Amino acid sequence: MKSDFSNIESIFSEEGRLSSLPSYEYRPQQLAMAKAIVAALDSHTHLIIEAPTGVGKSLAYLVPAVLYALNENRKAIISTHTKNLQEQLLRKDIQIVRSLLGRDFTAVLLKGRRNYLCTTRLRAAFQQQKHLFEKEETKELEKLKEWAETAVDGDLENIPLVLRTDVWQQVCSEQGACSSAICESDCFFQKAKARAREADLVIINHALFFSLFTLQSGEDFFLFKDDFVIFDEAHTLEQVAGLTVGKSISRGQVLYAIHRLYNSKTRKGLLARLRTKSYRELCEQAEEAVLSFFESTTRAARLLNPKSNAVRVRYAYFVADTLTAPLRLLHDAVKELEEDAKTKINKDELAAAKRLVGEAETLVNEFLEQPNPSLTYWVELSAGRTQNVFLHTAPTSVAESVGPRLFKEGTSVIMTGATLSVNGSLDYFRHRIGASSAETLVLDSPFDFQRQMRVVLARDIPPPDDPDFEHELPEWIYRSLLRSKGRALVLFTNAALLQRMGDRLHEQLESDGLTLLLHNGLTSRHSLLDEFKRDVSSVLFGLESFWMGIDVPGEALEHVIITRLPFAVPDHPLIESRMEFIDQHGGNAFADYTLPEAVLKFRQGVGRLIRSSSDRGMVTVLDSRVLTRRYGEMFIRSIPHCPVEIVSASGDVQELV
């Protein structure tokens, strides 16, 4: 675009086309953001932008992205963390961009392949239904076939019936069984992939981006030839990139791989029709080995740490390898069967099932060997009814493992989010993700926080590590709720504490006419949020996922109460490993990681309050460390400048200058 800002000015300036649209107004921050992105794309440089809520960042990056894609014949990839933002971009913002530019362009949403129906696999499933499915599953398969005849995109989300997992896994797109060489033109995943190849702009999520990125061998592009990428909701990049670039294998996954071939309980599977028993016996032996191996893994993990469901493994072969040999025998036997010209089993399905067994063998072997010192290894014991067991690996440092490949020369990576800075600087975020060469821009908020928000700090409450804290906390929460007559989101960092506070306050709040909603796993997050928005007399006690990514404008939310500063407890193996990495490289784990991470999460929690220029409310912090510890000032400086008051146990209020 040769740094031609005329198009951008004509859209985002005070007299621009955007300001003429209903409900839109001129925001200088939005214009500044759009100009910075134009310059970065034109100069092939990387850029990190903090754009607070209300700036209108979606349009600020979509307009330059589309103009650059069309003018330079390149493909724009927009990656988000949440599905809600993807839908907003596709259904609303893209339409606005079309009207602003007066130019047509193609934009598509691409999901992971297992979200799409593969008609080739569907036909194969029908041919083998007697050997693969029970009676009720066959009925579902027939209904799915009827739907597929008129379906537009073959997306699992749009199927008007609830499918059993076993049915969908047999017909969704899968590597090896669904490809351009195998599938016919009606395959929904192949059509989705073709649309993405031809589109000017592709919207995906972070997990899919990094899944595809790790498989990509090309050095001059990310996912598609001549592409560039813009990450929105960039605050989750380190977490998602680390877990996606890493690997995992579970007991359930290995059993599924074996059961694809033969399940001794149901007597179903690809090998069920074979007359010879030897293949089925190999499946049964492999299944016994899986159960025995993961039982040994569970016992060993419990011995290492009986109090945690996520247990770090620091040395190779912490349990005996009794699993890879049976898996290898099964894999090799299926390979021989696949190469046998007389085999009547669908060769593509057989190859895909063989690949799953081979991958399981490789992943288990790599976990036991621990060949890579730059990775963290841990066992996760699920607490659900299935009692699954996972073996996880992830890069200890995303900056070192992902950064060099992602932030390469000759193209642009744009990252944006509402809460990325610490102490007004983006250096911490840039360091964590390995974007040392990226330019940075921190934008002001368009909201008038002096008028819209007030912060209340509790002075006399005991610190969270004091036994009296939990005893006094209910009274502090209750008095805080009375100030706003409910209409509050109360944020917790611990599920057990949330439940105990809910039990203590439930009757008292109900007697005051306030509905108490608890994020305790008994009601879905989505249902809780809908009820909270609908009932303005409600109070919502929320955990991790309510600190970020929720939008409740208006009178339903006029008070955010933070029960304690959100310091991460180093009880997860990946957090522990990253802190050790910092100390080993001459840093200070608390100052360089724990504190800035807590500040960022604190900012996200505070950011739930003011979502529009008409919102009003207060933020109450019930953690006295914000006043008594040296680091407390960093938390206060990290939030928008607004009136701050200190409240004592007696109820006296003192303004903080």
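Modeller: A search of the whole structure turns up 2 cavities of 30 Å³ or more. The model is predicted, with local features needing pLDDT of at least 70, side-chain atom pairs counting only at pLDDT 80 or more, and totals for chains, interfaces and linings using all residues. Residues are numbered from 1 along each chain as its sequence is written, and side-chain values use heavy atoms, leaving out hydrogens and water.

Biologist: What makes a space a cavity, and what makes it a pocket?

Modeller: The search uses a 1 Å grid over the protein atoms alone. In a cavity, a 1.4 Å probe fits but cannot get out. A pocket is an open set, with protein on both sides within 12 Å along at least five of seven lines. Lining residues have an atom within 4 Å of a point. Volume is the space filled by probe spheres set on the points, which are joined across faces, edges and corners. The largest cavity has about 60 Å³.

Biologist: Which residues line the largest cavity?

Modeller: Phe 210, Leu 237, Ala 241, Val 398, Val 402, Gly 403, Leu 406, Phe 407 and Ile 433. Helices α11 and α17 (403-406) each supply at least two residues of that lining. Helices (H or I, at least four residues) and strands (E, at least two) are DSSP runs, numbered from the N terminus.

Biologist: What classes do the residues of the largest cavity's lining fall into?

Modeller: There are 8 nonpolar, 1 polar and no charged residues. Ala, Val, Leu, Ile, Met, Phe, Trp, Tyr, Cys and Pro count as nonpolar; Asp, Glu, Lys and Arg as charged; the others, Gly among them, as polar.

Biologist: What about the second largest cavity?

Modeller: It holds about 30 Å³ of space. Its lining has 3 nonpolar, 2 polar and 3 charged residues. Arg 121, Asp 348 and Glu 349 are among them. Helix α5 (119-127) gives the most, with 3 residues.

Biologist: Why are α10 and α11 called oblique?

Modeller: Helices α10 (206-215) and α11 (237-245) pack at about 45 degrees, with axes 9 Å apart. Axes are lines fitted to C-alpha atoms, for helices over the stretch in contact, and angles run from 0 to 180 degrees between N-to-C directions. Under 35 degrees is roughly parallel, over 145 roughly antiparallel, 65 to 115 roughly perpendicular, and the rest oblique. Therefore α10 and α11 are oblique. Their contact (heavy atoms within 4.5 Å) includes Phe 210 of α10, and Leu 237 and Ala 241 of α11.
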